[in-house]
Amino acid sequence: MARRHYRRGAPPCAPPMHLALADCDLDSDARTPTGVASEAPLHEALRARGVTFECPAWDDPGVDWGAFDAVLIRLTWTYHHRPRQFRAWLDRVAALVPVFNPPEIVRWNMDKRYLQDLERAGIPIAPTVWLPRGSAVDLAGTLESRGWSTAFAKPVIGATASDTMRMRTAEERQEGQAFLEAQVARQDMFLQPYLGRVETEGEVSLMVVEGEVVHAVRKTPVPGDYRVQDDFDAVDERIDVEPELARLALAAVAAVPCPESLLYARVDFLFLDDGAPVLNELELIEPMFFMHHEPRCGAALADGLLGRIEAARGGRGSA
């Protein structure tokens, strides 16, 4: 992936910009205090560069998106509840101003079957069985044929551990059959072995801006849980970037359709029983970036964004 470099600490363009950092409803439970606080370094970096901004909800019908110079998708943490409406919003806004990440990348990333593309590109993922909406579910048969003793179910379009279930014991597997039948009746799902090391080692996330790994965090759930989001009181801490994870993260980013259009990414890893890392998710839409652990991530994101807007302005000017 080609890397862009822009002058740091000063606005790379004129006249001054007015941006939208797309958010969700201020009263939504999706906006956790930690998630909102994590955005502060980005806000400070934009102000330091003379940029004004607002944080309108993506689904607010009263917003004039054409009044902004660009839209950066940030806390749109309700999009998975209304994916069709969110796609329509993307198309409508992108017809007016530049959107980052670009809509074609966002649409690809909304559906977790993108993992198939990454696996074909050589990125390691957990073994996966895809369960299309309306298909028959035979959990016991699937586990037997795959040689799995545990399972974990997720929706193809989802966020914040919504509609997920772990199945470790006989009782959980029995409950899992009913759970999957109910879920597959209304949405596409997929099944993977439950990676139990998440309970002790958590999930490791690498933040990538303009093709460079900026920092990494480990998210550890509360004892007995598997959910690594702060919504469920998980703990996040900054860790050193491991070279092997950085290599895998950048390889995953390079496998994205039109990777040169990608401004930011969060690359999430879990670990198999033998400790080998597998890509859990590649977050290209509205990832929490844990900038409270690394303020320079806010500066990197601001500089990358402003540089891309300036490049887009130059392209329109020369057209």
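Predicted model: local features only at pLDDT ≥ 70, side-chain atom pairs only at ≥ 80, totals over all residues.
Biologist: What makes the peptide bond between F100 and N101 a cis one?

Modeller: Look at omega: it is about -5 degrees for the bond joining F100 and N101, and that bond is cis. Most peptide bonds are trans. N101 belongs to the loop between β4 and α4 (103-110).

Biologist: Since α4 has come up, how do you know how far α4 is covered?

Modeller: Count residues: six of the eight in α4 are buried, and that makes the helix mostly covered. The six are P103, I105, V106, W108, N109 and M110. Among the elements covering them are β3, α3, β4, α5 (114-120) and β13.

Biologist: Which residues of helix α2 (residues 40-48) are buried?

Modeller: P41, L42, H43, A45 and L46 are the ones. Just past α2, G50 takes a positive phi of about 75 degrees.

Biologist: Let's move to the sheets. Why are β1 and β3 said to pair?

Modeller: Two strands pair if at least two bridges are found between them. β1 (residues 18-22) and β3 (residues 70-73) have four bridges, so they pair, and they run parallel. L19 stands opposite A70 in β3, for instance.

Biologist: What is the order of the four strands in that open sheet, and which are the edge strands?

Modeller: The order is β2-β1-β3-β4, with parallel pairing. β2 (52-54) and β4 (99-100) are edge strands, as each pairs on one side only. Helix α3 (residues 83-94) lies across β1, β3 and β4, running at about 150 degrees to β3.

Biologist: Which strands pair with β8, and in which sense?

Modeller: β5 (residues 129-131) pairs with β8 in the antiparallel sense over three bridges, with L131 partnered by M189. β6 (residues 151-155) also pairs antiparallel with β8, over four bridges. There, F152 has Q192 as its bridge partner. In β8 (residues 189-192), M189 and L191 point one way, F190 and Q192 point the other way, and all are buried.

Biologist: What makes β9 and β10 a hairpin?

Modeller: β9 (residues 203-209) and β10 (residues 212-220) pair antiparallel over seven bridges, and two residues lie between them. E203 is partnered by K219 in β10. In the turn, E210 has a positive phi of about 50 degrees. β10 is also joined to β11 (residues 235-239) by five bridges, again running antiparallel, with V217 partnered by R238.

Biologist: How is the packing of α6 and α7 described?

Modeller: Two packed helices are described by the angle between their axes and the distance between the axes. For α6 (residues 139-146) and α7 (residues 170-184), the angle is about 115 degrees, and the axes are 9 Å apart. L139, A140 and L143 of α6 meet R173, G176, Q177 and L180 of α7. By class, the contact has four nonpolar, two polar and one charged residues.

Biologist: Last one: what lines the largest pocket?

Modeller: The pocket holds about 400 Å³ of space. Of its 16 lining residues, H80, P83, I157, R186 and Q187 are the closest to its centre. By class, the lining has four nonpolar, four polar and eight charged residues. The largest share, three residues, comes from α3.

Definitions and conventions:
Residues numbered from 1 in each chain as written. Heavy atoms only, no water. Buried < 20%, exposed > 50% of the residue type's maximum accessible area, 1.4 Å probe, protein only. Contact = heavy atoms within 4.5 Å. Axes fitted to C-alpha atoms, helices over the stretch in contact; angles between N-to-C directions. 1 Å grid on protein atoms, 1.4 Å probe; cavity = no way out; pocket = protein on both sides within 12 Å on 5 of 7 lines; lining within 4 Å. Points joined across faces, edges and corners; volume = space filled by probe spheres on them. Nonpolar A, V, L, I, M, F, W, Y, C, P; charged D, E, K, R; others polar.
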